[in-house]
Amino acid sequence: MAKRSSLSIRIVEGKNLPAKDINGSSDPYCIVKVDNEPIIRTATVWKTLCPFWGEEYQVHLPPTFHAVAFYVMDEDALSRDDVIGKVCFTRDTLASLPKGFTGWAHLAEVDPNEEVQGEIHLRLEVVPGTPGSRLRCSVLEARDLAPKDRNGASDPFVRVHYNGRTQETTVVKKSCYPRWNETFEFELEEGAAEALCIEAWDWDLVSRNDFLGKVVVNVQRLYAARQEEGWFRLQPDQSKSQRGEGSLGSLQLEVRLRDETVLPSRCYQPLVQLLCREVKLGTQGPGQLIPIIEETTSTDRRQEVATNLLKLFLGQGLAKDFLDLLFQLELGRTSEANTLFRSNSLASKSMESFLKVVGMRYLHGVLGPIIDRVFEEKKYVELDPSKVEVKDVGCSGLHRPQTEAEVLEQSAQTLRAHLGALLSALCRSVRACPAVIRVTFRQLFRRVRERFPSAQYENVPFIAVTSFLCLRFFSPAIMSPKLFHLRERHADARTSRTLLLLAKAVQNVGNMDTPVSRAKEAWMEPLQPTVRQGVAQLKDFITKLVDIEEKEELDLQRTLSLQAPPVKEGTLFIHRTKGKGPLTSSSFKKLHFSLTTEALSFAKTPSSKKSTLIKLANIRAAEKVEEKSFGSSHVMQVIYTDDAGHPQTAYLQCKCMNELNQWLSALRKVSVNNPGLLGAYHPGVFRGDKWSCCHQKDKTGRGCDKTRARVTLQEWNDPLDQDLEAQLICRHLLGVEDLLREKHRELSGDTEAGTVPAGPGTDPLAQLLQVLQDLRGAHSSSPPGPWPSEPSHLLELQT
């Protein structure tokens with residue numbers, strides 16, 4: 001049994017942000033931190049006080065996390081980025097909102113007294129004696145303190161306050177992982193109400209010391225416990241905070257916390273077997289569970305349920321059968337060909353998820369070069385005469401205004417070139433398209449042709465395919481390449497307009513150039529010759545795409561199964577430490593890396609022969625390196641054992657925060673079941689004769705910080721987790737259990753409410769209700785108690 005937490009995050013937009021630049025505007029972006037650990041950075045939206053991001057993320061976390069914070073920043077090219085404000089949610093706040101938080105939140109001022117992080121290791125005890133007892137406080141060490149100095153570290157010391165007395169530890173220079181091992185004693189008066197306060201500070205020679213956090217302990221509870229030792233989370237000094245809201249603008253967010261208790265696989269087998277049996281039986285099945293699930297699922301939950309079902313059946317090898325069943329159900333209730341697959345049905349949502357899960361690499365291969373060209377050219381493109389901006393052209397001294405006709409003609413030429421290149425790339429991609437997608441489209445094509453066989457519906461099977469491939473897959477990716485990982489940044493206004501017009505043209509081709517699509521925007525007429533030619537090309541492409549026989553399908557699947565598909569690949573900079581030499585950023589070497597389910601490999605170029613760097617089974621941890629080690633906050637370390645069993649570390653530098661977290665996520669997910677995973681590591685480097693982080697001299701000693709193996713970002717190409725998907729489906733069905741029971745009574749003609757019997761001969765819906773009842777019982781009998789955490793403390797933290 002495993003307990004898992006995940007955060008669904010959508011950063012929508014901001015409004016009324018303050019101007020941070022001299023031009024009266026800002027260049028805002030967002031950083032998301034979980035317990036002060038940066039995990040997400042949105043794209044920068046240039047020159048605006050009302051930015052739109054529309055970015056979505058799913059973050060998997062240990063259930064012990066405390067808070068998630070959203071920082072709005074202003075990017076500056078020549079100086080440090082400015083902090084505009086932040087929004088923070090504690091775990092308890094999100095847990096109290098079953099549907100999550102949705103709406104606008106005022107940005108609060110970032111107060112240094114609240115920007116604390118890390119934990120401190122204390123041993124506290126009451127020592128009996130004469131004439132009275134004494135309170136002994138041992139300050140042992142701290143970890144993950146906030147770096148307050150420009151060198152990326154702090155110079156921490158601790159102040160201990162009790163009963164009017166203050167004592168201090170020594171200062172540990174240049175460390176966020178200090179070790180003190182110092183003990184202080186205070187006279188203890190029985191019955192005294194005063195609390196023990198332990199404060200961490202960053203020592204500064206010239207300016208005021210910086211606050212790093214504090215722990216406040218209820219001494220009366222300690223008096224009863226006599227002794228306590230453990231790690232305590234540092235808390236902000238809220239008594240000094242001056243939080244301003246309202247004047248810094250607002251941020252529109254959607255944040256939802258989900259805690260799942262995943263039962264052992266055997267508990268989900270009855271549910272999985274029942275759903276798989278229904279899919280195999282298809283429309284001839286007696287229970288028709290799939291349409292009942294669709295009927296009882298609200299519109300706002302349909303995409304989520306469709307994705308969970310799709311992933312479950314992918315893992316069972318029944319994805320195409322599941323989608324074929326949905327095609328038949330949709331065709332059975334559709335009378336007009338022009339409304340086919342236009343609604344947000346379970347079939348439409350499942351196909352969207354299917355294409356993203358299975359076809360993202362294919363999408364990148366077809367669209368990537370065209371999108372890159374649009375971004376690189378940055379041409380002004382406009383076809384709508386009412387929006388044309390006339391500009392000057394010509395060389396210096398010979399400027400003349402460009403006429404509207406010239407702008408329209410040049411724009412049409414540019415778009416025709418992009419559309420032609422895209423269609424040519426698509427037509428060449430038949431063999432590159434995954435076999436499971438081709439087979440699914442073959443089934444769709446055949447089902448639609450059987451449903452609408454007459455000559456007047458000749459184009460309907462083609463439009464059915466393009467309604468998913470073009471309208472729901474390629475066009476959204478063209479309009480928002482950042483959201484499909486085709487680009488790292490959002491497009492500027494000029495490039496966005498070019499992409500929008502190109503997406504419209506692709507939609508017109510996908511609609512088979514119908515009179516209705518032409519009539520909507522008459523100013524798209526200059527593209528008609530290319531669109532008409534594109535329709536013929538697209539029909540030829542679809543004909544070849546769906547022309548896949550069973551033998552070819554098996555051959556393609558067999559070929560793919562022999563290859564270890566890359567989980568992630570890209571350019572990184574590597575440094576492998578040897579000896580005692582200095583570690584500097586200049587010693588990193590640029591290479592192309594590829595991570596598969598077997599190994600992390602590298603090559604000089606993407607097409608060069610790869611050499612294995614680390615075998616997957618040898619990975620022990622993948623963690624960040626603190627900024628001061630290499631002068632960069634984008635360096636990670638992969639800790640592994642070589643063939644002789646000796647520990648080794650590879651340091652890899654990424655180009656940005658998102659790339660760093662994506663690589664860490666990928667490495668952690670593929671090595672999650674490795675034996676011997678580390679629980680602690682050193683976030684610094686071993687330089688000279690000691691670790692730069694905690695100053696330990698034992699190179700092989702236990703690490704000074706916790707590993708974060710369970711902090712990962714969800715991607716479309718994540719390995720399938722059958723138990724988790726089954727649990728998510730189970731939870732949804734339990735949420736609509738009353739509707740399912742009502743549906744069962746309606747179908748069986750029974751008007752009385754009560755427990756639905758299940759057993760041999762009962763219908764599938766009754767069996768489903770019995771399975772849900774058993775799963776509810778299994779969850780109820782799971783061991784109660786809090787989420788797993790650090791060793792519990794008897795002490796009560798006072799605020």
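Glu569 is partly exposed in the predicted model, with a relative accessible area of 35%. The side chain of Glu569 meets that of Arg361 in a salt bridge, at 3.4 Å from N to O. The two residues belong to distant parts of the chain, Glu569 being placed in strand β19 (residues 568-576) and Arg361 in helix α7, 208 residues apart.

On the α6 side the contact involves Phe322, Leu323, Leu326, Phe327 and Glu330, which meet Leu346, Ala347, Ser350, Met351 and Phe354 of α7.

The chain comprises 799 residues, of which 52% count as buried. Of the contacts between residues at least 6 apart in sequence, 69% join residues at least 24 apart.

The count of salt bridges comes to 45. One of them joins Arg136 to Glu185, with the closest N and O atoms 2.8 Å apart. Arg136 lies in strand β9 and Glu185 in strand β12 (residues 179-187), so that this pair links distant parts of the chain, 49 residues apart. Arg136 is partly exposed, with a relative accessible area of 26%, and Glu185 is likewise partly exposed at 26% relative accessibility.

A further salt bridge is found between the side chains of Glu295 and Lys743, at 3.2 Å from N to O. Glu295 is located in helix α4 (residues 289-295) and Lys743 in helix α18 (residues 737-748), and the pair therefore ties together parts that are 448 residues apart in sequence. Glu295 is exposed, with a relative accessible area of 52%, whereas Lys743, at 14% relative accessibility, counts as buried. Beyond such pairs, a network of salt bridges links Arg256, Arg258, Glu260, Arg301, Glu304 and Arg731.

Asp149, by contrast, is buried yet has no salt bridge. The nearest side chain of opposite charge is that of Arg150, 8.8 Å away. Asp149 is situated in the loop between β9 (134-143) and β10 (156-162). When neighbours within four places in sequence are left aside, Asp149 is in contact with Ser154, Asp155, Asp202 and Asp204.

Lys690 is placed in strand β28 (residues 690-691). With a relative accessibility of 35%, Lys690 counts as partly exposed. Residues up to four places away in sequence not being counted, Lys690 touches Val685, His695, Gln696 and Lys697.

Technical notes: Residues numbered from 1 in each chain as written. Predicted model: local features only at pLDDT ≥ 70, side-chain atom pairs only at ≥ 80, totals over all residues. Heavy atoms only, no water. Helix = DSSP H or I, 4+ residues; strand = E, 2+ residues; numbered from the N terminus. Buried < 20%, exposed > 50% of the residue type's maximum accessible area, 1.4 Å probe, protein only. Lys, Arg positive; Asp, Glu negative; His and termini not counted. Salt bridge = Lys/Arg side-chain N within 4 Å of Asp/Glu carboxyl O. Contact = heavy atoms within 4.5 Å.
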